[in-house]
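Here is a friendly walk through one model, from its ring pairs to its charged partners. Have a look at it first.

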Amino acid sequence: MASSMDVLQWLDALSAGQSAVLVAVGAGLLGLIVAFCLSGRGSSGERQKEEETRTAEVENVSSAEEGDEKKTEPQKKQWKVKNTGKPKKTVLPSHPLLAADFKGHTGAVLSLDFDSTGKYLVSCSEDRTIRLWYMKTLEEKEHKYSRKNVELDHATHIKFSPDGTAVLTFLSVANALQVFKIAKQKGSLTVSEPTIDFPKVDSSTVISMGIASTGKFVMTCTSTAFTIWTLRGEVLATVETKQTPNSCAIVSPCGKFIACSGFTPDVKIWEVEFSKGGDFHQVSRAMELKGHSAAVVSLSFNGDSQRMATASKDGTWKFWNTDVRYRLSEDPKLLTTGEIPETGSTAVAVAPDSRVVAISVDTSLFIFSSSSGDMMEKLVDVHGDVVSCLCWDPTSQYLVSAGDSDRHIRVWHNHSGRRVHLSEMKAELPKANSDAMKRRLQAQIEETEAFLQRVVSC
């Protein structure tokens with residue numbers, strides 16, 4: 001009986017132990033499961049956090065890149081505006097001799113010309129416009145001008161017709177001459193629609209253009225030859241200059257001569273001959289200017305075609321007497337030689353009254369006495385770019401210069417020429433034959449002195 005009870009107790013104890021073990025095992029398994037679940041949840045949470053972190057980093061990078069793009073885009077727009085929009089205004093230095101600053105062109109100024117009266121100045125530019133400036137507004141704050149747009153092209157050269165009723169242009173894209181009529185509206189002149197289209201020149205680029213004061217012909221010059229045209233666009237003659245490449249060619253103010261320079265140190269001058277009835281006869285060699293030791297880069301006649309100025313790569317300018325008996329083989333006479341003070345892109349223009357010679361070198365202007373060769377004025381860096389045009393008004397009162405891409409047309413008082421004229425009048429005063437002549441000279445002397453004093457004091 002006792003043993004039976006022992007066995008039962010043992011079984012009960014074993015059963016209880018098994019239950020305890022089972023409970024312990026179950027608890028352990030449950031703990032493992034909970035731990036595993038917690039571990040899995042933690043891992044997924046960490047992964048989620050990592051993914052969220054990476055996403056945030058990517059978003060931050062994208063935002064930064066977008067920010068950079070936002071920062072870069074205005075810069076690109078600003079660059080575009082800077083390079084393709086309206087050009088910034090060029091501020092040029094003032095000068096006591098500056099009479100006016102004509103502003104309006106938005107591209108490089110390529111050519112200038114005065115009408116025969118000096119009342120109007122015409123200009124053409126890469127901005128595809130022709131502008132007619134009124135010299136009567138020279139002393140006003142706002143300078144009046146008329147503007148004409150050139151459709152799908154721009155003029156590289158421009159000249160007034162002798163009677164002032166039209167302007168002759170050479171168009172870059174069309175590679176042809178075109179005439180624009182000038183109309184009078186409300187008391188002022190304006191450039192109207194083109195009236196005459198010339199045939200294309202050829203594949204060569206025109207480097208110079210001119211029109212005879214007689215109205216009998218037009219001249220265009222390329223690197224190898226010059227061509228004579230009628231005003232209706234018919235070719236009269238083409239002359240090979242044998243100076244290839246030509247540097248420039250000009251028509252004399254008297255309408256008789258064409259002077260051309262090239263790689264040689266000599267300047268060749270031809271006469272354009274017409275019959276008494278006005279029919280074209282021929283182009284013949286008239287004379288040569290010999291004396292430079294290197295290529296002549298620029299030429300200029302005075303107002304009556306009896307004097308010429310030349311500028312050369314040899315560093316000198318020369319002043320010539322061309323009023324000679326060339327048909328008897330008489331050569332032009334050298335009157336003055338002067339030194340060009342600097343090297344660079346050079347142009348020369350002699351005043352119509354022959355008293356002074358203007359020379360541009362890059363952005364500066366120099367004025368010389370034509371008789372002595374002495375420098376009288378030095379205007380340094382008065383343009384923001386190389387001087388592209390240099391010319392005098394017909395009265396010799398003003399010198400006009402244009403800076404290529406600075407877009408300014410600047411009008412200068414001829415202070416030097418007035419000084420030379422003053423000296424001439426003072427020398428003539430004691431030689432005057434009558435009291436009336438003395439009074440007239442004295443009045444002119446006083447007027448000139450007052451003008452010179454006023455200009456210098458400005």
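## A pair of rings

Let's begin with tyrosine 326, which counts as buried at 14% relative accessibility (buried means under 20% relative accessible area, exposed over 50%, and partly exposed in between, with a 1.4 Å probe and protein chains only). Phenylalanine 257 is buried too, at 7%. Keep in mind that this is a predicted model, where local features need pLDDT of at least 70, side-chain atom pairs count only at pLDDT 80 or more, and totals for chains, interfaces and linings use all residues. Residues are numbered from 1 along each chain as its sequence is written, and side-chain values use heavy atoms, leaving out hydrogens and water.

There are nine aromatic pairs, meaning rings of Phe, Tyr and Trp (its six-membered ring) with centres within 6.5 Å; planes under 30 degrees apart are stacked, over 60 edge-to-face, and the rest tilted. Phenylalanine 257 and tyrosine 326 have ring centres 5.4 Å apart and planes at 80°, so they sit edge-to-face. Phenylalanine 257 is in strand E15 (residues 257–261) and tyrosine 326 in the loop between strand E20 (316–321) and strand E21 (333–339), so the pair ties together parts 69 residues apart in sequence. Here, strands (E, at least two residues) and helices (H or I, at least four) are DSSP runs numbered from the N terminus.

## Charged partners

What is the count of salt bridges? It comes to twelve, where a salt bridge is a side-chain nitrogen of Lys or Arg within 4 Å of a carboxyl oxygen of Asp or Glu. In one of them, glutamate 449 meets lysine 426 at 3.2 Å, N to O. Glutamate 449 belongs to helix H3 (residues 435–457) and lysine 426 to helix H2, so this pair ties together parts 23 residues apart in sequence. Both ends are partly exposed: glutamate 449 at 34% and lysine 426 at 42%.

Shared partners also join Arg285, Glu288 and Lys290 into one salt-bridge network. Arginine 232 pairs with glutamate 234 at 3.5 Å, N to O; arginine 232 is exposed at 62%, while glutamate 234 is partly exposed at 42%.

## Charges over rings

Arginine 285 turns up again, lying over the face of tryptophan 270 at 5.5 Å from the ring centre (the rule asks for NZ of Lys or CZ of Arg within 6 Å of the ring centre and within 35 degrees of the ring normal). Arginine 418 lies over the face of phenylalanine 451, at 3.9 Å from the ring centre.
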